Every structure is written in structure tokens, then in C-alpha cells.
Amino acid sequence: MRISRYLIHERIGSEIVLLSTLWGSVVKIDARLESALRELLMDVESEDRVNVKDSIKRDILQIMQENKMVVDDLEEEYKIAYTAYLDFINRWLVFKIFTTTDCNFSCIYCYQNRNKKYMSQHVVTKIIQLIKKEAEKANELEGVYLTFFGGEPLLNKPVIRVILENIRTLKNVKIRVLIVTNGSLLDSTFVKYVSDNCDKLAIQLTIDGGKRRHNRYRPFSNGAPSYEIIMKNLESLDKLSLRNVYLIYRVNVDRTFSNNDILNLYKPLNLSCKISCVGIFDNPENPSNYNLNNERTACKCLQAAKDAGYEIIDFLINPLFSCSVGLKNTYTISPDGFLTICTGVDPKDENFYGYMSDDGSIVITNKNIHSKLFSEEYEFFNIQECRRCSLLPICFGGCAYSRKIRRNIPSCPAFKRYLRENIKLLI
Ligand code: SF4
Ligand code: SF4
């Protein structure tokens, strides 16, 4: 019997909180039992078998067993995490589609180029061919994830409509859609159409806090405020009561953020809604811009949201961070139909590695990027730090761009530095 490798724990006030990153189970133990708990955990660190003679230790162990925090064999446990990863690759296809690089906003922190490219009908036809072809090839396909990204993806709604119209006929295949939007063009008729043509629709809408802060950070391109238009769109969406639609408020924070900024966000009555907070300037192409303190502020923002009664997305149980870039089931497609590294970096020539031909097959043009991106050498299972890491089931090696293209090993996400703050959010 061994203590799970995927266990993290922190003392929070008068309790010690234990979390299984593999199963998401949480246990709280009276902090007065801290030394017994630490001894139990030490047994593992020293590679000894767990000593269960002591009655306090035995009680703790029992609770941990009930919550799958104790395992018979660490390699077997690793296989469970690895199988979840394989299942994802084999059972799901992922298409991340830039409908356009144009945007009707001028956010002060945006690092994207504004080359205003729009996806054409010709490229859409190729994407549909690619999806159908890959779906036919897959043996045990459960579903297709479609992420629509930009610029502002809703500036080119026909792309989304036509793709859904053509793939909803795939038999026994779930269709899940994520639209990453600034919210200014979210109209009810369109959302109803998407919701009717997929199994689940997530709308990730960026709102940078209260009205004043949001309007300063995220104005329209002509400088006009955007907050009230977004809120009106949300209110009319909420009235539709669509059961398969959920909303994610994405709040970008930096040191200017104050807790009051989160308190007056529109709380939908009929849509399920969660808040995610992240630090500004998370640009993987230019990591020197990245300020880790913003990540600490993001934890404070989530705490304020939680205290105000919003549901939150905590990295430790809803790992938004996990990305499927560089996996063989994932395609990221630029507006002009090129295969590009990921949605986190600009869809520009130096990030392209191939294109789709008319029949939907893939032609590789940049072998260097392609081999780096899809090589198993930099997958988590070949990185010792990751194989031994307690965060593996929620991280799977972190940012693939940083790990595979920049060769930063290990490429740990910022939330690793703020585990205590993140664990606190769970209780
Ligand atoms: S590879 Fe990194 S930058 Fe690209 S989408 Fe994944 S996490 Fe984001
Ligand atoms: S990237 Fe870092 S946090 Fe993620 S699994 Fe690897 S070692 Fe752990």
C-alpha cells in the first residue's frame, strides 16, 4: 500500500486540506493531527511501506483510502492517468478554428496581429472534408470538439453555421462547441442555432471586471465602451433558457484589479455560468512580458468571485490549462486554411506547418515545426519531472508550445506557484 503520487496538501487555517489531482477528491483533517499525517507521507518519500500500527495514522489512512489517496501500486496509478490521456486522443477529435484574425475591439493588452483575414467558404469546405475524413478513420470516436477563435470569431458567423450544418449528420458522434468571444456580437438567434446543432455549447466571454475597468481595457476599435452592449446581449441570451449552453466569464487581471471589479457581473438566471480569472500577458511567444504576480491576483479575483456567490473554475479541479496542442487528434487552422501551432500564438507564416488539400488530406510544408510538435520526445511520459509530478493528471506537461517548440523542460504552469491559494479556493 502506498500514498498516491497524485496527492497535494496544504495547511489552511485550522485544517490540512488534501486533494487528489487524479480523482478530484478533497479531504480535510484537523491541523492538530499534522505530525501524524506528515509521518504517514514521509513513509512514502523515504520509499518505505506505510506503517499502519499507530491508531491515529490508521484513521487518517482509512479516510485517505476512501478518497482514493492510497494505492496498491504507483505504476498502476500512473497507468490510470495515462489511459485518460489515451482515451482523449483516441475518442475525441479537436478542431481549433480561427474564423478570422480581424477584431472589432482594441484591447490594451492584445498581442495579436491585426491582418484582418477572414476564412472563406473554400477553406470551410476543406475543413468539413477533413473532419469527415478523420471521423471515418477513427475506430472508437466519441465526439468532436470545435473551438472557434479569432480575432473575434463572431465577425464570421457563417463559418460556424456551415461547419455545424454539415457535420451534425455524423452518426453517433457528440459535438461540443466552444466559442471564445468578446461578447459584443452574441445574438440570441445565432446562439440558439448553435445550441440546436450541438450537444454542448460553451461560450467563453472575456469581461475584465466592472464597467469602468472593462471599458478602459476592452473598448471597441473606435474607442467606444463595450460593457453595456455585452451585458444586454447576455440578458437576452439568458431569457432563452438553453439547457445545453454554459457561460464562462474570463476575467483578465493585473495589479490594477480590485475585488469590487468582480462583484457586479451579470448573474444569469437560466444559464449555468462559471468565472475563470487569469493573469494578463500570458503570451507564450514573448514570455518575458509575463508577470507572475498577475497569477496571484487571479487567485484573489477567484476568491472574491466565490465569496460573492459565483461558481468558479479552479485550475485544480477544472484544468482549463490543459491543452491538446501537438496531439495527433488536434488541428489548429488559420483563416486561410493553414495548419498552425496553436491558438495561443499568432496564425502567421512562421507558425504554419502545413495546409489542407481540397479532399481534406493534410500536406506538411514545415517539417521542422511538424516534427517538433508531434514528436513524443517532449511528451509528459518522456519527461522525468512530469512522470513524478503530483500535478500530472491536471497538467499533462503544461504548455505544449513552450515544451515542444521552445524546449523549456519542464514547462510548469503558473498556478503551480500558487497551489496554496488554489487549494484554498476548494474549501
Ligand atoms: S500550446 Fe501553450 S500557448 Fe498554445 S494553446 Fe496550448 S497552452 Fe496555450
Ligand atoms: S509541467 Fe510541471 S507541473 Fe506540469 S506535470 Fe510537468 S512537472 Fe508537473
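**Salt bridges and exposure**

Glu75 is partly exposed, with a relative accessible area of 40%; buried means under 20% relative accessible area, exposed over 50%, and partly exposed in between, with a 1.4 Å probe and protein chains only. The model is predicted: local features need pLDDT of at least 70, side-chain atom pairs count only at pLDDT 80 or more, and totals for chains, interfaces and linings use all residues. Residues are numbered from 1 along each chain as its sequence is written, chains are lettered from A and ligands numbered from 1 in the order in which they are written, and side-chain values use heavy atoms, with hydrogens and water left out.

- The structure holds 23 salt bridges, a salt bridge being a side-chain nitrogen of Lys or Arg within 4 Å of a carboxyl oxygen of Asp or Glu.
- One of them joins Glu75 to Arg387, with the closest N and O atoms 3.5 Å apart.
- Glu75 lies in helix α3 (residues 74–91) and Arg387 in helix α12 (residues 384–387), so this pair ties together parts that are 312 residues apart in sequence. Helices (H or I, at least four residues) and strands (E, at least two) are DSSP runs, numbered from the N terminus.
- Arg387 is partly exposed, at a relative accessible area of 25%.
- Glu76 and Lys79 also form a salt bridge, at 3.4 Å from N to O. Both residues lie in helix α3, three residues apart, which is about one turn of the helix.
- Glu76 has 44% relative accessibility and counts as partly exposed; Lys79, at 44%, counts as partly exposed too.
- Asp30 and Arg32 meet through their side chains in a salt bridge of 2.6 Å, N to O. Asp30 is partly exposed at 32% relative accessibility, whereas Arg32 is exposed at 72%.
- A network of salt bridges links Arg91, Glu140, Glu142 and Lys174.

**The antiparallel sheet**

- Strands β2, β3 and β4 form an open sheet in the order β2-β3-β4, with antiparallel pairing; two strands pair if DSSP finds at least two bridges between them.
- β2 (7–12) and β4 (26–30) are the edge strands, each with a single partner, so one side of each has no neighbour in the sheet.
- β2 pairs with β3 (residues 15–20) over six bridges, and Leu7 stands opposite Ser20 in β3.

- β6 and β7 run parallel and pair over seven bridges. Ile97 stands opposite Phe148 in β7.
- β7 is joined to strand β8 (residues 174–181) by six bridges, also in the parallel sense. The bridge partner of Val144 in β8 is Ile175.
- Six of the seven residues of β7 (residues 143–149) are buried, so this strand is largely enclosed by the rest of the structure.
- Thr99 lies in the loop between β6 (92–98) and α4 (121–137) and is buried, with a relative accessible area of 0%.
- The side chain of Thr99 reaches the backbone oxygen of Pro153 at 2.9 Å.

**Surroundings of ligand 2**

- Residues around ligand 2 include Glu385, Cys386, Cys389, Cys395, Pro410, Cys412 and Lys416; a residue is near a molecule if one of its heavy atoms lies within 4 Å of it.
- The shell around ligand 2 divides into six nonpolar, three polar and two charged residues. Ala, Val, Leu, Ile, Met, Phe, Trp, Tyr, Cys and Pro count as nonpolar, Asp, Glu, Lys and Arg as charged, and the others, Gly among them, as polar.

How values were computed
A polar contact is a pair of N or O atoms within 3.5 Å; within protein, one must be able to donate a hydrogen and the other to accept it, and residues adjacent in sequence count only if both atoms are side-chain atoms.
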